[in-house]
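Please read them alongside the model.

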Amino acid sequence: VVECEYEADHHIAQYCAQKNRDCEVGQERAFILGGDSDFMVMRDCAYLWLNRGESSDPDYLPALLNGGGADGKLWRRRDTAASLGLSEFNFREFCIMLGNDYTNIYKWSDFDAIGGKTIPQTGSGEARTAALLEAFITAAGGRGGTDLVLVSSSTNPDLQYAIDFSRAMYE
């Protein structure tokens, strides 16, 4: 078990991906246990979400594992993408725009339109997320479509840097 005081997602994910490369679903050799949704987007990572909350108790991991504090689902990027009707590529782009450690400080209005659609800036988070997913599905050519949808920002170079950095981190 490794607990880091800094952003180590990429290094942890690389280790897991290296161990799982060329493994069939269910045959993975390495798993990530954590509370950071970025791991759901990392390539070749099998991820078990732990509902740690804000606990600083050093005994939290045994208690979670013994007490059912994990959600019980093993998350994989390819499966999650398919369940949403997206390719892995477009799922990665969707998650970058949805917000991660590097892009969540920006507003959706800072991103270029997705498939010519402007995403609503107001309304509930669920409604806005559903609108964003629908824009991605439409731009990709429908559910399961393979047309590539690239997230970008032609007006904000800092956001574009964050987008490019996120792409590299997720691969």
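1. Buried means under 20% relative accessible area, exposed over 50%, and partly exposed in between, with a 1.4 Å probe and protein chains only. By that scale Y102 is partly exposed, at a relative accessible area of 25%. F165 is likewise partly exposed, at 37%.

2. The model is predicted: local features need pLDDT of at least 70, side-chain atom pairs count only at pLDDT 80 or more, and totals for chains, interfaces and linings use all residues. Residues are numbered from 1 along each chain as its sequence is written, and side-chain values use heavy atoms, with hydrogens and water left out.

3. Y102 and F165 form an edge-to-face aromatic pair, 4.9 Å centre to centre with 70° between the planes. Rings of Phe, Tyr and Trp (its six-membered ring) pair if their centres lie within 6.5 Å; planes under 30 degrees apart count as stacked, over 60 as edge-to-face and the rest as tilted. The count by this rule is three aromatic pairs.

4. A further pair is F39 with Y47: the ring centres are 5.4 Å apart and the planes lie at 35°, so this pair is tilted. Both F39 and Y47 are buried.
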